[in-house]
Amino acid sequence: MTADRDVPLAQPHALRAAVLGAGSWGTTFAAVMADAGCEVTIWGRDEKVCRTITEEHRNERYVPGVDLPAGITATTDARAAVRGADLVVIAIPSQSARATLETLRDVIEPDAVAVSLMKGVELGTDRRMSQVVAESLGIGPERIAVVSGPNLAKEIAHRQPTATVVASTSEETAQLVAKACASSYFRPYTNPDVVGVELCGAVKNVIALAVGISQGRGLGYNTMATVITRGLVEITRLGLALGADAETFPGLAGMGDLMATCASPDSRNHTLGNHIGRGMTLEEAIAATGGTAEGVKSSRSVLELADSLGVEMPITHAVVRVLHEGLPVDDLAALLLARPHKAEGV
Ligand SMILES: NC(=O)C1=CN([C@@H]2O[C@H](COP(=O)(O)OP(=O)(O)OC[C@H]3O[C@@H](n4cnc5c(N)ncnc54)[C@H](OP(=O)(O)O)[C@@H]3O)[C@@H](O)[C@H]2O)C=CC1
Ligand SMILES: O=C(CO)COP(=O)(O)O
């Protein structure tokens with residue numbers, strides 16, 4: 001059995017964490033870890049954002065209206081943030097992870113654990129983020145964890161309760177990271193299935209784009225339920241081809257996150273899809289959405305990965321055709337349904 005396992009709530013402790021990324025999830029996860037008793041330093045690119053986090057305990061640009069724990073500091077010096085950190089948490093767009101982490105390879109502590117919060121697949125290499133982290137920081141899988149689940153930052157920033165999955169091939173590492181983020185409103189479960197948990201996080205963004213596009217075209221809940229359900233099937237198919245555990249897909253990182261992202265108007269992927277469905281160009285939709293919608297780029301790398309394994313992903317394929325190959329949005333539904341008869345199932 002490798003399903004999500006229960007983890008007792010952590011006692012406060014003083015792990016030192018560096019969070020790379022002062023965006024909505026980096027800032028929110030920093031607050032989660034501070035609430036769990038960690039000493040947290042955020043690295044951000046914007047001097048003003050860093051100053052207001054440290055001095056006013058606010059990040060109005062990315063987490064408006066939220067008072068952050070007073071102990072969190074922020075700096076524009078990534079190397080200073082990482083030096084001495086027990087945990088290096090990465091919350092920047094997936095496509096920028098490799099370049100950023102390579103500059104920190106020589107300062108990360110020899111026993112530090114890297115924690116990926118990113119939900120994407122690298123373009124050009126089709127690597128999952130834990131693979132990018134391993135290659136760019138030069139560390140083994142036992143020092144890497146992935147955190148993924150139904151974790152819309154805006155809700156968590158307001159301390160609304162949710163659960164998540166901490167995945168690592170090392171149970172010790174998974175437990176460490178789970179304890180570093182466990183609180184009364186944030187409930188981690190551990191899972192050794194890094195491949196499955198990461199794929200779920202990356203591909204659900206693509207499925208949320210498809211749901212958003214359908215809704216933007218005025219299609220209803222039957223269509224939404226069909227896309228979500230068949231979306232989970234194609235995520236599962238890809239995951240199994242990559243050696244993931246079948247039990248991960250109906251869990252928090254799979255069905256849980258898929259539901260949250262496809263249903264919430266706060267999801268950037270869902271929102272961006274909606275803009276496309278209403279007739280915006282991709283550039284207009286990206287600008288109107290703001291923030292990182294990972295599915296736009298990862299739709300292509302996920303499809304490449306699937307093609308390389310001979311795995312069919314019709315919804316992902318349709319999203320790629322609409323976003324990147326000029327297929328009119330009105331043809332999306334037809335493309336999803338115009339497939340030869342097959343029995344239901346993976
Ligand atoms: N928001 C959410 O609810 C959740 C997000 N995630 C995942 O977390 C990751 C980060 O997302 P999120 O925080 O929401 O994104 P945001 O768009 O809110 O913030 C992105 C952050 O990354 C920085 N950044 C942007 N481009 C680069 C670059 N080229 N190099 C280095 N830093 C860069 C931004 O800095 P600047 O402000 O200077 O541009 C900003 O600090 C994504 O993979 C996302 O899928 C996972 C779970 C929940
Ligand atoms: O991953 C998320 C929720 O778990 C956030 O989704 P978006 O990136 O679409 O906002």
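Which residues of strand E5 are buried on one side, and which on the other? I took this as my opening entry on the structure, which is a predicted model.

**Entry 1: strand E5.** I looked up residues 87-90, which form strand E5, and found both faces covered. Leu87 and Val89 are buried on one side, and Val88 and Ile90 are buried on the other.

**Entry 2: the neighbours of E5.** I next traced the pairing of this strand. Strand E2 (residues 16-20) runs parallel to E5 and is joined to it by 4 bridges. Ala17 has Leu87 as its bridge partner in E5. E5 also pairs with E6 in the parallel sense, over 4 bridges. Here I found Leu87 again, standing opposite Val113 in E6. I then followed the chain and recorded that E5, helix H4 (residues 97-102) and E6 make a right-handed β-α-β unit.

**Entry 3: two backbone angles.** I recalled that most residues other than glycine have a negative phi. Asp126 is not a glycine, yet I read a positive phi of about 60 degrees for it. I located Asp126 in the loop between strand E6 (113-116) and helix H5 (129-137).

I found Arg159 in the loop between helix H6 (153-157) and strand E8 (162-167). With 16 other C-beta atoms within 10 Å, Arg159 is partly exposed.

**Entry 4: ligand 1.** I listed 26 residues around ligand 1, of which Gly23, Trp25, Arg45, Ser96 and Ala153 come nearest. By class, I recorded 10 nonpolar, 12 polar and 4 charged residues in this shell. Helix H1 (residues 24-35) gives the most to the shell, with 3 residues.

**Entry 5: ligand 2.** I listed 13 residues around ligand 2, and the nearest are Asn151, Leu152, Ser267, Arg268 and Asn269. This shell divides into 4 nonpolar, 6 polar and 3 charged residues. Helix H8 (194-216), helix H10 (252-263) and helix H11 (268-277) each supply at least two residues of the shell. I noted that ligand 2 lies between domain 1 (5-192) and domain 2 (196-337), because both give residues to its shell.

Notes. Residues numbered from 1 in each chain as written. Chains lettered and ligands numbered in written order. Predicted model: local features only at pLDDT ≥ 70, side-chain atom pairs only at ≥ 80, totals over all residues. Near = placed C-beta within 6 Å. Nonpolar A, V, L, I, M, F, W, Y, C, P; charged D, E, K, R; others polar. Domains from an automatic or database assignment. Buried ≥ 20, exposed ≤ 12 C-beta atoms within 10 Å, placed from the backbone. Pairing = 2+ DSSP bridges. Right-handed = clockwise from strand over helix to strand, strands pointing away.
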